[in-house]
Amino acid sequence: METRDEILLAISPLFLRYGIKSITMDDIAKHLSISKKTIYLHFKDKDELVEEFVKVVDNDHEHDMLKIKKEAVDVMDELTKISEFMRNKVCNINQSVLFDLKKYHPKAYMIFHHHKKNFMINFVLDTIKKGINEGYFRKNVNPEIFAILRLEQVEMSFNPDIFPPDKYNVNELHIQLFEHFIYGICTTEGFEKFMELRNSSAWK
């Protein structure tokens, strides 16, 4: 019998690829080749399943981002690798996921929002302060404002009313938004370092 963790592991790619609303409990049972009754032994309803799914995604992203931060040579190396990591993740995520969370699973959306407000903002805030100390970011920027700006840029990219998926390439969109952030915060030294990393890696 599938365990709770095994069910979550199996359904996460479905939600990320097709969106949350479009995947029913019947779809999940069929995908796992089990009965819905088995799923309900572990989750009382779809709401609970989605809430646990969000926690799994948040924890995975947190683990990967902290690993990148720990192994980065400096803040520019960290930012470049974080951006590449986010693009690789985001390009495989259905643009409707956040909309589905917010509209149909508000408790799950609040879990996402809490993670964003606590871990994500503090993560970016720490990175910006580190960049200022290393001389790569301008000393006159407000770290908190730029941390919020960066996260809102990422979330905005999931809004199909702003960036319709049939009009904008997801990979290019995230590169453009990230470069906008970098150009606004870097010193001359930081910009030169970024261009060096950009040109020496598989950036595009």
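Colleague: Which residues touch the most other members of the largest nonpolar core?

Modeller: Among its 59 residues, these are Phe-15, Ile-28, Leu-49, Phe-53, Met-76, Ile-128 and Phe-137. Helix α7 (residues 106-133) gives the most to this core, with 11 residues. This is a predicted model: local features need pLDDT of at least 70, side-chain atom pairs count only at pLDDT 80 or more, and totals for chains, interfaces and linings use all residues. Residues are numbered from 1 along each chain as its sequence is written, and side-chain values use heavy atoms, with hydrogens and water left out.

Colleague: What makes a set of residues a nonpolar core?

Modeller: The members are buried Ala, Val, Leu, Ile, Met, Phe, Trp, Tyr and Cys residues, joined through side-chain atoms within 4.5 Å. In soluble globular proteins, nonpolar side chains tend to be buried together.

Colleague: What is Phe-53 in contact with, leaving aside its neighbours within four places in sequence?

Modeller: Contact means heavy atoms within 4.5 Å. By that rule Phe-53 is in contact with Leu-8, Ile-11, Ser-12, Phe-15, Leu-16 and Ile-20.

Colleague: Why are α1 and α4 called roughly perpendicular?

Modeller: Their axes come within 10 Å and cross at roughly 85°. Axes are lines fitted to C-alpha atoms, for helices over the stretch in contact, and angles run from 0 to 180 degrees between N-to-C directions. Angles under 35 degrees count as roughly parallel, over 145 as roughly antiparallel, 65 to 115 as roughly perpendicular and the rest as oblique. So α1 is roughly perpendicular to α4.

Colleague: Why do Arg-4 and Glu-52 count as a salt bridge?

Modeller: The definition asks for a side-chain nitrogen of Lys or Arg within 4 Å of a carboxyl oxygen of Asp or Glu. Arg-4 and Glu-52 meet at 3.7 Å, N to O, so the pair qualifies. Arg-4 lies in helix α1 (residues 4-18) and Glu-52 in helix α4 (residues 46-71), so the bridge ties together parts that are 48 residues apart in sequence. Helices here are DSSP runs (H or I, at least four residues; strands are E, at least two), numbered from the N terminus. By the salt-bridge rule the count comes to 13.

Colleague: Is Glu-52 buried or exposed?

Modeller: Buried means under 20% relative accessible area, exposed over 50%, partly exposed in between (1.4 Å probe, protein chains only). Glu-52 has 17%, so the residue is buried. Arg-4 has 26%, so Arg-4 is partly exposed.
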